[in-house]
Amino acid sequence: MTDTTRAAPATGEPPLPAPPLWTRNFTLYFTARIASLLGDAMLPVALSVAMLALGYGVSAVGYALGAWMGAFALFVVFGGVLADRIHPRPLMIGADAVRCALIGVTALAFASGRPGLWFLIGVTALGGLATAMFQPGVNGLVPQVAVDAQKANGVLRVAQGISTMAGPALAGLLAAFSPVWAFAVTAGTFGASGLCLLALRLGAYTVDGSASTLENLREGWQEFRSRSWLWAVILIWWVLGVFVWGPVTPLGAASITGEHGSAAFGYAEGAFGAGCVLGGLLAIRMRPARPLLGGAVAMFLFPLMPLAAGLAPDISLPMVFLGYALSGVGWAFWGVQWATTVQTRIPADKLNRISAYEIAGSILAVPLGQVVSGPASSVLGVHELLLLAALMSTGCAVALVATRPIRGLRRSEPVLETV
């Protein structure tokens, strides 16, 4: 089956044209994702640059980012249960409203003077909690707004790349001029996302509210642990979280801004986003028979980001950008294969809960890496720790390819209607 046709009727007639991707619902959802992802991409850069400019060190930045990620990881499974019990959309709209308000308050705090560290940690922790209510529904809404999951995920990954490309660069520029503007614009992105989600017109959504929260959590866990390919990836992602995703933002910011100025880190993150756009476009066209294996091979490009950040004192700024861009290609291609696999192999009534377990497992180790990045960098050195991150991420790519349940999993195409 190609990505432009539906299954032919049993009478032998030629295949029917596939339903269009760009329906009203998908266009609104795409716009909401661009806006939300833009805010997600702007926030850590704005926070890192603003805090470093105020004299807070790498450790303080790591604590603030770790508070966001820790709250997110702790509560995202409850977000998945709530999304399955009610509906993902109202939960996501409420989360956008809370994030808009919190970041708006942060903008006012910077306008009033120097916000305290505990204030910043508290606001980011509450923002992580709101995001925990938002994120599980992202996967669950895709099958409701699009028929072709692979194409939809590829387009959404392009949206993520565009946002990742534009968000950090914009945040870096705004934060260098005034952190108030950086946080105010970030707050507006979440407001726009919520309005687009509010405008969606979705069909009836049946939920079973008879089970308790504990029973729902237990059922989701049983579904999660029964799939070896799923939990095997999450175990690998634990290593990636501690050694790569945790340290790479605060240490990358310190390394690149220290050598090339405060705006350079935003541009480097923007280059990563440009690579994500290319990786998403490639994933729309390329459909490997073993999607996780194809994504795992692409992940060998990912270590170029921490490598480029670690070598920032010794290489030119364009080479730093190139490393970030190629890393984004691999990351986006993997992401499309992963999201499509989860969406097509998990029952719809359990998708939000399992997505929540998957998300929590993927990032639970990240706050640990963020918190220890400052103390570890004082012992090992910022650049040495980034080079270690490059080595560990290469090892994670090897582990993905070497693990049989991951590399052997074949594509599961959704059954499309013929009428």
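The model is a predicted one, in which local features need pLDDT of at least 70 and side-chain atom pairs pLDDT 80 or more, while totals for chains, interfaces and linings use all residues. Numbering starts from 1 along each chain as its sequence is written, and side-chain values use heavy atoms, with hydrogens and water left out.

The protein has 17 helices and zero strands, taken as DSSP runs (H or I, at least four residues, for helices; E, at least two, for strands) numbered from the N terminus. Among contacts (heavy atoms within 4.5 Å) with a separation of 6 or more, 88% join residues 24 or more positions apart.

Let's look at one pair of helices. The axes of helix 2 (residues 58–85) and helix 14 (residues 351–363) come within 7 Å and cross at roughly 170 degrees, so helix 2 runs roughly antiparallel (over 145 degrees) to helix 14.

Now turn to N153, which sits in helix 6 (residues 149–177). N153 counts as buried because its relative accessibility is 7%. Leaving aside residues up to four places away in sequence, N153 touches V142, V336, A339, T340 and Q343. With T340, the N153 side chain makes a side-chain polar contact of 3.0 Å.

Terms used. Buried < 20%, exposed > 50% of the residue type's maximum accessible area, 1.4 Å probe, protein only. Polar contact = N/O pair within 3.5 Å; in protein donor to acceptor, adjacent residues only side chain to side chain. Axes fitted to C-alpha atoms, helices over the stretch in contact; angles between N-to-C directions. Parallel < 35°, antiparallel > 145°, perpendicular 65-115°, else oblique.
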